[in-house]
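Hi everyone, thanks for coming. Let me put the structure up on the screen, and then I'll walk you through it.

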Amino acid sequence: MSIHYQEYDVIVIGAGHAGCEAALASSRIGCSTLILTMNLDTIGAMSCNPAIGGLAKGQLVKEIDVLGGEMGKAIDWSGIQFRQLNTSKGPAVRSSRAQADKQKYRFYMKKVLENQFNLDLKQGMVEKILVKYNTVWGVETKIGEKIKAKTIVVSPGTFLRGLIHIGFNHFPGGRMGEAAACGLTDSFEKMGFEIGRFKTGTCPRLDKRSINFSNLKIQYGDENPVPFSFSTKKITRRQVPCYIAYTNLQVHQIIRNALDRSPLYSGIIKSTGVRYCPSIEDKIVKFHDKERHQIFLEPEGINTIEVYPNGLATSLPLDVQVEIVHAIEGLEKAKILRPGYGIEHDYVYPTQLKPSLETKIIENLFLAGQINGTTGYEEAAAQGLIAGINATRKVKSREPLILDRSQGYIGVLIDDLVTKGTNEPYRMFTSRAEYRLLLREDNADLRLTEIGYNIGLVNEGKRRKILRKKKAIRNELNRIKKTRIIPTEKTNEKIKSWKSSILKEAVSLEELLRRPEISYQNLMDLSENGDDSVSPEVAFQVEIETKYQGYIERQLKEIKKFHKIEEITIPSSLDFYSVPSLSREVKEKLSAFKPISLGQASRISGITPAAISILRVYLKSKKYKKTIK
C-alpha cells in the first residue's frame, strides 16, 4: 500500500490516558498530530476502577492540569463522588479522589480530541515502527498502510501481547472483548529493546439491582467537593454514595480451597503483579492472619446498573468468583455481569529511556504509560503529557522539558523509572517524594503554571491569575508578620475559647497562627485590620506556609543542595571508560545508563559516593559547564 498522503509531526499510538494527554499536548503546542487507536469508541476508557486520583495520584492529576493537561477537567465534568483523603493528617499527604461516570468520562475525552485543532483521529492497529538510521520515520498498520511522522509516542496500555486469564482459560486480549497488539512487541524486539512482562487484574462487575445495600456501610462524598482542575470553579453535580462490604472467613476458605485452580498460584501466570493492589487471592495468602478485607462497592455511573467491587480483583475461575461474591454479606444474591480477570502484558525496561521519555537507542521515539512499567491512569497520563510535550520540542529543535524531583510528583515518577527502573508495576506514593511538603496538591498551580506557560500550554490569562495569587499570598504573609495583637480581656476571652493559652504580651498574628489550635479564620476574628478580600485559596496558603515554616525552610535548604549536584550536566559524548580511577563495574553502569547529570548518576543503583566524587573532579578538570535545566 502507498504511504499516507500526509506526514505528521507527531503520531501517538494508543488513545488511553497516556495517549490522550500526549496527543492533546502536541497538537495544542502547534504540531500536526495523529492519534492511532484500535477502536475510536474506547478513547479514554477506564479499563479498571471507575475513579481518578487517590493518595499521591491526586497530586499527579493536579500537576497535569496546571501544565495544560485534560485529566483534571475530565473528572470534574464526569465525577459522581469527590473525597479528600488523609484530611486528618498533614497537608503533605492529603490527596483528592473522585468516582467517575465511566461513560461520561470517555465521551468527554473523545469530544475534546475530536474538536482539537491540529489533531486527526484514525482507527487502526499499528504493527511496526518504521526506522531508518536509528531514527523513526513512520508506522505501518496491520492492513499495510504506512504513515510518515517526525516523532512517535507509543502508549499501548496493557495491549502489548496482552493475555487474559480466568482460571485455566486464557486468551489474547488487551482488555476484555478487545484484541491484543502482538506485532508491536516484535517491532520493539527487532529494534533492540529489552522487553519484560507484568501482570495486573480487575474485579468482576456486579448488577446493582441484585445487591442488598441495607446491611452495608454507606460512604458519602464531601459536602463541599474540591475540584481537580484549578479552572473549575465549583462542583455542583449530585453526588452518589459508595458502600463498604467485607470479606469473611468463609470467603477466605473458598479462596484457599480453589488455589489449585488459580493461574496465579498454579504457575500459569509467571509475571510480577502490582504489590500494592493485589488480587483477592494474593491478599488471603499473604495476609493470612487478617479475618476480613474491605470491599468498596463503587457505582460505574449514574445511568448504569454496573457496580465495581474495588478490592475484589481476581483471576480465579468464574464459578469460584460467584461463590466468593455470594459469601459476602449484602452480595448473597449478587449477579456478576462481567467476570474479573488477570492480564499479562509486555513492557519496555524504562532504564532504556532518557528523562525526556525519548528512547536512548532510537531517536524521536517516545514511550508513555504502562509500556514503561507503570500501573494507574494518573501515572500514565502524566507520562503521556511529558512525552507529547517533548515530542513537539524535538520537532521544533528545542531542549526537552525535564521536571526534577524538587519540582513535582511527575518529576519523581519519571526519574524513578528512567534512573532506577522497576521490577514490579510502578505506582506513585507520597513516600517516594522527598520534598512532598513542598509538592502538595494545593500549590501545584503556584509551582508549575509558569512552566506550562513557557511551553505553550497555558495562556496569558491563567498566568496572570497565578501571578496575582502569588502576590496576594506575599502581601498577606507580610501583613500578619507586621500586625501585632495587644492582650486585652476581650482578646484573651476569644483565645481562651479556642483552647489556646492567653496572651501576656503583644504578639504578631504570625506568631499566633503558628499555634496548632489557631486557624487563619481565628486571626480574622482577632484583627481589626483583617482583609476581607483575601480569598480562601490565599488564606489556605498563608496558613500552611506559616504553620510549617520551619519544615518548609528545611526542605528548601535540602533542595538547594540537591540542585548543586543536579545542575552539573554530563555531556552525551562523554566516554566513561576514559575516566580514571572509576571501577570497571561503575564504568559499565554509567555507559549503559548514560546519565544526563551528576545528580542522576548518583541515583543509579551501585554508583557509590566515591565514584560520584571522582566523576565530579573529572568533569571540573575538563571544564564542562554547569547548566540549570
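I'll begin with the overall picture and then turn to some aromatic rings.

A quick word on the ground rules: this is a predicted model, where local features need pLDDT of at least 70, side-chain atom pairs count only at pLDDT 80 or more, and totals for chains, interfaces and linings use all residues. Residues are numbered from 1 along each chain as its sequence is written, and side-chain values use heavy atoms, with hydrogens and water left out.

So, what is the protein built from? It has 20 helices and 22 strands; these are DSSP runs numbered from the N terminus, H or I of at least four residues for helices and E of at least two for strands. The radius of gyration is 26 Å, close to the 25 Å that the globule rule gives for 629 residues, so the protein is as compact as a globular protein of that length. That radius is taken over C-alpha atoms, and the rule is 2.2 Å times the number of residues to the power 0.38. Along the principal axes, the C-alpha atoms fill a box of roughly 85 × 75 × 50 Å.

How much of the protein is buried? Of the 629 residues, 57% count as buried; buried means under 20% relative accessible area, exposed over 50%, and partly exposed in between, with a 1.4 Å probe and protein chains only. Take the contacts (heavy atoms within 4.5 Å) between residues at least 6 apart in sequence: 73% of them join residues at least 24 apart.

Now for the rings. The structure holds seven aromatic pairs. Rings of Phe, Tyr and Trp (its six-membered ring) pair if their centres lie within 6.5 Å; planes under 30 degrees apart are stacked, over 60 edge-to-face, and the rest tilted.

One of the pairs is Phe-213 with Tyr-243: the centres are 4.5 Å apart and the planes at 45°, so this pair is tilted. Phe-213 sits in the loop between β13 (205-207) and β14 (217-219) and Tyr-243 in strand β15 (residues 242-246), so the pair ties together parts that are 30 residues apart in sequence. Phe-213 is partly exposed at 21%, while Tyr-243 is buried at 18%.

Then there are Tyr-347 and Tyr-349, with centres 5.4 Å apart and planes at 75°, so that pair is edge-to-face. Tyr-347 is buried, at 4% relative accessibility, whereas Tyr-349 is partly exposed, at 30%. Together with Phe-198, these two tyrosines form one aromatic cluster.
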